[in-house]
Amino acid sequence: MLLPLIPILNSLPWRLQNRPQFHPRVVNSTVSSSPSSKRRCDLYDLHKELVPYAEAWAWQNAIVEEKKKLNKSDEDFADSLIILQHHPVYTLGAGSSEEFLNFDAKSSPFDLYRTERGGEVTYHGPGQLVLYPILNLRYYKMDLHWYLRALEEVIIRALSFEFGIEASRINGLTGVWVGEQKLAAVGIKVSQWITYHGLALNVTTDTSPFRDIVPCGIRDRQVGTVKGLLKENFGLPEDILAINDNQLLEITYKSLIDAFCEVFQVELQMKNLKNSLVAAPMS
């Protein structure tokens, strides 16, 4: 009989049993239980869904344009965070080179988009949690290097909080690493100090599509996953990990939310993106 993953995780010796418990206040969309000095961040939670890349990209652009208008009248009272998974897709940064594609761009195995974010080519797909923070850095710190390090810190803390995984940065490279394996990619765009695009953490992702690209333009390092590290380092049986992918994604999602709230000192407010936003057409 297969055991559920959560009790196994709780019993493993590497888990940080005495870690502080961070529970972000996610308030009702209409009523907050108490006033807060923290900046509000609207949470569009689609982490269980597979969203086409173009659709999510359009949502981001629509929110950014609305925030630019609010900026002019000092009415930008809340930030936004979209969390989701994507259907398989390759994306290129604004200045990405196609030499990092191991296929002809005209015959890509998946949809291929060139975006306005920084960085080189990457892959998004099921089992990867993608966070798109749309923050007005005027209310945080108007420093792009600080923002990139803050996004990396969200991942580092999330992996430490829940799994005891000691992830780190590598000098001169963007993203989050465990040894030679890159677990999370970061690529951003900032317009009028409003951020979009964001970060992607490989949780249970099939890494085979990464073989058709040079991920982030880095040839001498590997792409890893949270699931792979747990199996490799802690010997969890393949069948247990396979049958509990959804649970592992859920645990990781909650830890990411905790870490995001702590790093950026925000209070989340649940919103329904599909009901509250009419996606703007891509230009």
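For the residue classes used below, Ala, Val, Leu, Ile, Met, Phe, Trp, Tyr, Cys and Pro count as nonpolar, Asp, Glu, Lys and Arg as charged, and the others, Gly among them, as polar. The structure described here is a predicted model. By these classes, the lining of the second largest cavity has four nonpolar, one polar and two charged residues. The residues concerned are Trp177, Lys182, Pro215, Ile218, Arg221, Gln222 and Val223, and the space they line has a volume of about 50 Å³.

This is one of two cavities of 30 Å³ or more. The largest cavity holds about 90 Å³ of space. Among its 13 lining residues, Thr122, Ala184, Ala185, Asn202 and Phe210 lie nearest the centre. Strands β6 (122-124), β9 (181-191) and β10 (194-202) each supply at least two residues of this lining, and β9 gives the most, with four. The lining of the largest cavity comprises nine nonpolar, three polar and one charged residues.

Turning to packing, nonpolar side chains tend to be buried together in soluble globular proteins. Here the largest nonpolar core has 46 residues, and Leu159, Leu201, Val226 and Phe264 have the most contacts inside it. Beyond residues up to four places away in sequence, Val226 touches Leu159, Phe163, Ile165, Leu183, Leu201, Asn202, Val203 and Leu248. A second, separate core of 19 residues includes Ala56, Val64, Val130 and Ala200.

Thr225 is found in the loop between β11 (222-223) and α4 (226-234). Thr225 counts as buried because its relative accessibility is 8%, under the 20% limit. Apart from neighbours within four places in sequence, Thr225 is in contact with Gln181, Leu183, Asn202, Val203, Thr205 and Thr207.

The model also holds 13 salt bridges. One of them joins the side chains of Glu65 and Lys68, at 3.4 Å from N to O. These two residues are three apart in helix α2 (residues 53-72), so about one helical turn separates them. Glu65 is partly exposed at 41% relative accessible area, whereas Lys68, at 14%, counts as buried.

Glu152 forms a salt bridge with Arg169, with the closest N and O atoms 2.8 Å apart. Because Glu152 lies in helix α3 (residues 144-163) and Arg169 in the loop between α3 and β8 (176-178), the pair ties together parts that are 17 residues apart in sequence. Glu152 is buried, with a relative accessible area of 0%, while Arg169 is partly exposed at 35%.

In a further salt bridge, the closest N and O atoms of Arg157 and Glu262 are 2.6 Å apart. Arg157 lies in helix α3 and Glu262 in helix α6 (residues 245-264), so this pair ties together parts that are 105 residues apart in sequence. Through shared partners, salt bridges join Arg149, Glu152, Glu153, Arg157, Arg169 and Glu262 into one network.

Definitions and conventions:
Residues numbered from 1 in each chain as written. Predicted model: local features only at pLDDT ≥ 70, side-chain atom pairs only at ≥ 80, totals over all residues. Heavy atoms only, no water. Core = buried A, V, L, I, M, F, W, Y, C linked by side-chain atoms within 4.5 Å. Buried < 20%, exposed > 50% of the residue type's maximum accessible area, 1.4 Å probe, protein only. Contact = heavy atoms within 4.5 Å. 1 Å grid on protein atoms, 1.4 Å probe; cavity = no way out; pocket = protein on both sides within 12 Å on 5 of 7 lines; lining within 4 Å. Points joined across faces, edges and corners; volume = space filled by probe spheres on them. Salt bridge = Lys/Arg side-chain N within 4 Å of Asp/Glu carboxyl O.
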